[in-house]
Amino acid sequence: MRRRPAAPTVPGGRGPRCSTGLIDRTARQPALDLRRAARRATVEAHEVPEVRMDVLAAHGDAIGAFDALVRPLRDDQWALPTPDADWTARDLVNHVTAEQLWAPELLAGRWIEDLGTVFEGDVLGDDPVDRWVDASVEAREAFLAPDALDRRVHLSYGDESGAEYCAQMTFDLVVHAWDLARAVGADETGEPALVAWALHYAESRSTFLEPGPLFRGPLDVDDGADDLTHLLALTGRRR
């Protein structure tokens, strides 16, 4: 499997960055410091008018966190089991990569039926790290496009705003970053602000976490538990 050399770290930054503020395709570390990025958007949460979320910043941080786990994966780690039933690390990265591939298409106004099964099955090919990097950069660019958060997106269950779609993608990245970290023995703690964002997002949507293939339904947890423990419990996971 081909590996790229690491890029130099930007002084004062959280990791190597490219000039666009997106993930650097030559770096092994997350490339974003979206709290300093030029293009930011504070958007109103989906049907929760009293809550405002900087969803683009959260999305960039979530992509960076998942990216930091994918790039260092060794050949012998791709087959490791994950907390997602019957999924290996490769299966998990494949799922998240496929989700990124959908983003530019759906934000361009296309319907799922238009694309059929093009993103089903294995989307990683022989170079899974490269495939993830390319897909995540293209998804990030699509969400950063002018008025992307205001567009109507045709999802499997109905239409949503681009902002809500971005929030859903962000939540998926946060939870699956924990899954991948658990699988490969990496740091599972996550960035506290990003975990808090994901928890608040999940708690504000009563039907978002209904039991299914990825989320097994909420588990009981002590009231005094930290945000990550609460977030994982909402998705049927234990720390």
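1. Buried residues make up 50% of the 239 residues in the protein chain, and the comments that follow concern a predicted model rather than an experimental one. The chain exposes about 11,300 Å², of which carbon and sulfur atoms supply 51%. When contacts between residues at least 6 apart in sequence are considered, 63% of them join residues at least 24 apart.

2. On the overall architecture, the protein chain has seven helices and four strands, and, read from the N terminus, these elements follow the order β-β-α-α-α-α-β-β-α-α-α.

3. The mean pLDDT of the protein chain is 78, with 73% of its residues reaching 70 or more.

4. Within helix α2 (residues 89-107), Thr97 deserves a comment. Is Thr97 buried or exposed? Thr97 has a relative accessible area of 0% and therefore counts as buried. Leaving aside residues up to four places away in sequence, Thr97 touches Val123, Leu124, Arg131, Trp132 and Ala135.

5. The structure holds nine salt bridges, and one of them, between Asp84 and Arg237, has its closest N and O atoms 2.8 Å apart. Asp84 lies in the loop between α1 (55-70) and α2, whereas Arg237 lies in the segment after α7 (227-234), so the pair ties together parts that are 153 residues apart in sequence. Both partners are buried, Asp84 with a relative accessible area of 3% and Arg237 with one of 2%.

6. The side chains of Asp76 and Arg74 meet in a salt bridge at 3.0 Å, N to O; Asp76 is exposed, with a relative accessible area of 52%, while Arg74 counts as partly exposed at 47%. Glu188 forms a salt bridge with Arg182, with 2.7 Å between the closest N and O atoms, and here Glu188 is partly exposed at a relative accessible area of 24%, as is Arg182 at 32%.

7. As for helix α7, its buried residues are Leu228, His230, Leu231, Leu232 and Ala233, and these pack against α5 (162-184) and α6 (192-203). Just after α7, Gly236 takes a positive phi of about 80°.

8. A search of the whole structure finds five aromatic pairs. Why is the pair of Phe143 and Tyr165 described as tilted? The ring centres of Phe143 and Tyr165 are 5.4 Å apart and their planes stand at 50°, so the pair is tilted, given that angles under 30 degrees would count as stacked and those over 60 as edge-to-face. This pair links distant parts of the chain, with Phe143 in helix α4 and Tyr165 in helix α5, 22 residues apart. Phe143 is buried, with a relative accessible area of 1%, and Tyr165 also counts as buried, at 4%.

9. Phe171 and Tyr201 form an aromatic pair that is likewise tilted, with 6.0 Å from centre to centre and 45° between the planes. Phe171 lies in helix α5 and Tyr201 in helix α6, so the pair ties together parts that are 30 residues apart in sequence. Both Phe171 and Tyr201 are buried, and ring pairs link Phe171, Trp197 and Tyr201 into a cluster.

Technical notes
Residues are numbered from 1 along each chain as its sequence is written. Side-chain values use heavy atoms; hydrogens and water are left out. Helices (H or I, at least four residues) and strands (E, at least two) are DSSP runs, numbered from the N terminus. Buried means under 20% relative accessible area, exposed over 50%, partly exposed in between (1.4 Å probe, protein chains only). Contact means heavy atoms within 4.5 Å. Accessible areas come from the Shrake-Rupley method with a 1.4 Å probe; for residues, only the protein chains shown count as cover. A salt bridge is a side-chain nitrogen of Lys or Arg within 4 Å of a carboxyl oxygen of Asp or Glu. pLDDT is the predictor's confidence in each residue, from 0 to 100. Rings of Phe, Tyr and Trp (its six-membered ring) pair if their centres lie within 6.5 Å; planes under 30 degrees apart count as stacked, over 60 as edge-to-face and the rest as tilted.
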